[in-house]
Amino acid sequence: MYVFPKDFLWSASTAATQIEGGWNADGKGESIWDTLVHDGTGKIAHSENADTAIDFYHHWREDVALMKEIGLNAYRFSISWSRVLPEGTGPVNEAGLRFYRDLCDELLRNGIQPLVTLYHWDLPTALYRQGGWKNPAIADWFARYVEVVSRALGDRVKYWLTFNEPQMFCGLGLKLGVHAPFEHNTDADMMTVTKNILLAHGKAVQVLRKNCPGARVGLAPTGDCCLPRDDSPEEVERARQRSLSPYPNYLMSNTWWADPVFLGKYPAWARERFGEQLYPMTEEEWALVSQPLDFYAYNCYQGTVDFAADPAGYDDYGYQGCPKTANGWNITPQVLYYASKFWFQRYGLPILITENGCAQQDFVMLDGKVHDPQRVDFLHRYLRGLARAVDEGVPVLGYSYWSLFDNFEWAAGYDIRFGLIHVDYKTQQRTLKDSALWYRDVIAANGINL
Ligand code: BGC
């Protein structure tokens, strides 16, 4: 029997670009995920785009009712910067702000805590045209945006996340060129980008502390958690060390981002590797970047399986016959256990799982239902992994499944589905999958039935 804390957050996550649609509705400005997809620069599967997505912008009331039906007591979503500030800076779009205010009110009326992400990858195009994350002015642009949002929502929102996965929007978007803005920047440029993101985070935290007293603030990083072959102390320690290393590359690693934010310093390996090329920081800048946060959020899908056939270990293939999701990610439920332990040990803060989920190719079946036993099993196993960490005394604040809905999966378009709720993209019909009903029962029992 597993015992989760009484006030455990049972949540599900989304992001603005992936669900909202209304890409130019009511004064919204464009983001890079609009402009660069429309102009064909982006390589999105089947030339799809996020123009309508699941049209949450027009369906949010009925969607909150579905959240209530599942029994969520929290819902993680992101704010679209260019819906609030169409040019990224400058005039505020009141209609955009009203949308998020109304959404928060509806959530609160239904007993659902809003968990707000301020930046989930949709940089306003107007700022991209001025250099985006490479322009040092962006820390102040971001702070102004956070000022506007936190003034409007500060009395409604208790949980704030500054950034979603700097690892991915830098690694995939600015280095490997597979996500918007589809760029391949040099390491020297990425030093500037890293510093600008860290300063933007620090300034945003300052603004949130000023405008939202009592708020709980963090960011939502990801990064590989490497798994031990067995539970022996030596193996666990080896896996932990590997998880703190620049694996699979420096930008996508945990410690490149987390050590500056949570420990106020460069990771040791970065000093050795980059020496003088590292982005320079003053004492004041370190203090700004590493202001105390309230939790260590983590987006977690698969652990790195190091008992691979590859003699060098640590590849993303796993091992022969390794169970996988529909997008080829390894199913490794113990990762929630190890990751929670490793990050708690290193950073000393309660853990909040802000994403974890399973891609499948679900469809509505002849009986009108969406049976997704793989996802139910995935959830069951992963939640047991998390429960094991809770049992061993790791403070875990909550768990947010990715994703509440099927949605626009970035460069992969709409083929694979992560949702607890199936969406027919032609009719916008929503159907609760079996996994949503299963999750509902787990939430009702506060996990005791896992
Ligand atoms: C992102 C989500 C994405 C999910 C599945 C995470 O990296 O935050 O936006 O849809 O993974 O790929």
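A disulfide is a pair of cysteine sulfur atoms within 2.5 Å. Keep that cut-off in mind. The structure above is a predicted model.

Start with Cys300. Its nearest cysteine sulfur belongs to Cys225, 6.6 Å away. Cys300 is in no disulfide, because a pair has to lie within 2.5 Å. Is Cys300 buried or exposed? Buried, with a relative accessible area of 1%.

Now Cys322. Which cysteine has the sulfur closest to that of Cys322? Cys358, at 13 Å. That is too far for a bond. Cys322 is buried as well. Its relative accessible area is 8%.

The largest pocket has a volume of about 860 Å³. It is lined by 36 residues. Which of them are the closest to its centre? Met168, Leu172, Tyr301, Gln302 and Trp329.

Last, a helix. Find α7, residues 138–153. It has 16 residues. From its first C-alpha to its last, α7 reaches 22 Å. That is close to the 22 Å expected at 1.5 Å a residue. Helix α7 is mostly covered, too: 13 of its 16 residues are buried.

One general point to go with it. An α-helix has 3.6 residues a turn, so residues three or four places apart point the same way.

Terms used: Residues are numbered from 1 along each chain as its sequence is written. This is a predicted model: local features need pLDDT of at least 70, side-chain atom pairs count only at pLDDT 80 or more; totals for chains, interfaces and linings use all residues. Side-chain values use heavy atoms; hydrogens and water are left out. Helices (H or I, at least four residues) and strands (E, at least two) are DSSP runs, numbered from the N terminus. The expected span of a helix is 1.5 Å times one less than its number of residues. Buried means under 20% relative accessible area, exposed over 50%, partly exposed in between (1.4 Å probe, protein chains only). On a 1 Å grid over the protein atoms alone, a cavity is a set of points where a 1.4 Å probe fits but cannot get out, and a pocket is an open set with protein on both sides within 12 Å along at least five of seven lines; lining residues have an atom within 4 Å of a point. Grid points are joined across faces, edges and corners, and a volume is the space filled by probe spheres set on the points.
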